[in-house]
Amino acid sequence: MAKAKPKSKAGVKAPTSAVPPDLGTLEADILAEIERAADLAALDAVRVAALGKKGRVSALMRSISEVPPEERKAFGQAVNGLKARINAALEARKAALASAALEARLARERADITLPVRPGPLAEGRVHPVSQVMEEITEIFADMGFSIAEGPDIETDENNFTKLNIPPEHPARQEHDTFYFNARDGRDGARLVLRTHTSPVQIRTMESSEPPIRIIAPGRVYRCDSDQTHTPMFHQVEGLVIDTETHMGHLKWCLEAFAKAFFEVDTVKMRFRASHFPFTEPSMEVDIGYSKVGDALRIGEGDDWMEILGCGMVHPNVLRNVGYDPEVHQGFAFGVGIDRLAMLKYGMADLRAFFAADLRWLAHYGFPPLDVPSLARGLSS
Ligand code: DAH
């Protein structure tokens, strides 16, 4: 090349500073830099230094004006060829770096999906026995075709008492140890109450729907009472069935089927004892037979009795109070103490511990949250 320059026409200044004497050296330099680039950022810096606006190859391109006209074509082709090879080398290096980066990331983020699940909140959290038993009861009655109804914790005197055939001055009102609010019902001026039982949901359901009715209503209830087996707040499930031909046989079958399913036994010793509730006639209390074997309770057999619920045929006055004709519609109702059922089934002695929010108690008596009670897979296993 040094020899070629003197070939230029006399008077035309040979290109000097801008044109390196050896394109081959420049190419080798740049290709080596490309190979050395350790990551995409370094590679881009090499690209800018070569092909960028102020890059070495771009400067070469601009210097074409200084090349003698007869050499411009060859010069241009040489620089373009150089440019193309640099671009190809850049692309190749970029692909190599990208796949190396991907390999590194795959190696770093490899997950062994055969490892056991890490203990997290789901493994440590526990479902409270009251929630568990509510789920179990709901599952059993849903399977029998009952739907779930709900009512508010703050009730009117009328729904909690009067319409359930407990008029003012009725002695049953004293037995309920009612919590009264100062606030009054807008319609009759009577003080609002914390509901003392779930039975007002019977009234709400009958007033808002037509027979046939088949509902259960689980929820919180309140009475001013506290000892080993009573807390001021506790839980009940109300049941109500209204139809045209419902009778005591249905009631008895239904509660027996419930008790067997709930205690997960094939036979269960039950006793229907005549009792009195203002909202049912006749009324009964139901006891479950059990025996103590060491510390454990054996449910459904034995000579001891534990009361678990009240029930009866809905009183004609209650039906009239919601606008039903007792000559056409009748049915049965029951009210179950959930906390008491939980104590019986899972062997807790003190009801107050249910609401003490002691994590050690919950860890011991609670249930794994992923074991949802189902009749097909077993309620409590
Ligand atoms: N409400 C009653 C109570 O809390 C329980 C009860 C008894 C509910 C008989 C009923 C029933 O539906 O028929 O003591």
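In this predicted model, a polar side-chain atom of His-197 lies 2.9 Å from a nitrogen atom of the ligand, and a polar side-chain atom of Ser-199 is likewise placed 2.9 Å from a ligand nitrogen atom. On the backbone side, a polar atom of Ala-333 is 3.2 Å from an oxygen atom of the ligand. Taken alone, the ligand exposes 350 Å², of which the protein buries 91% (accessible areas by the Shrake-Rupley method with a 1.4 Å probe).

The ligand is surrounded by 15 residues, the closest being His-197, Ser-199, Arg-223, Gln-236 and Glu-238 (a residue is near if one of its heavy atoms lies within 4 Å). Five residues of this shell are nonpolar, eight polar and two charged (Asp, Glu, Lys and Arg count as charged; Ala, Val, Leu, Ile, Met, Phe, Trp, Tyr, Cys and Pro as nonpolar; the others, Gly among them, as polar).

The protein has 13 helices and 11 strands (DSSP runs of H or I with at least four residues, and of E with at least two, numbered from the N terminus). Its radius of gyration is 43 Å, well over the 21 Å given by the globule rule for 381 residues, so the protein is more spread out than a compact globule (the radius is taken over C-alpha atoms; the rule is 2.2 Å times the number of residues to the power 0.38). The C-alpha trace spans about 135 × 55 × 40 Å along its principal axes.

Residues are numbered from 1 along each chain as its sequence is written. Local features need pLDDT of at least 70 and side-chain atom pairs count only at pLDDT 80 or more, while totals for chains, interfaces and linings use all residues; side-chain values use heavy atoms, with hydrogens and water left out.

Key
Polar contact = N/O pair within 3.5 Å; in protein donor to acceptor, adjacent residues only side chain to side chain.
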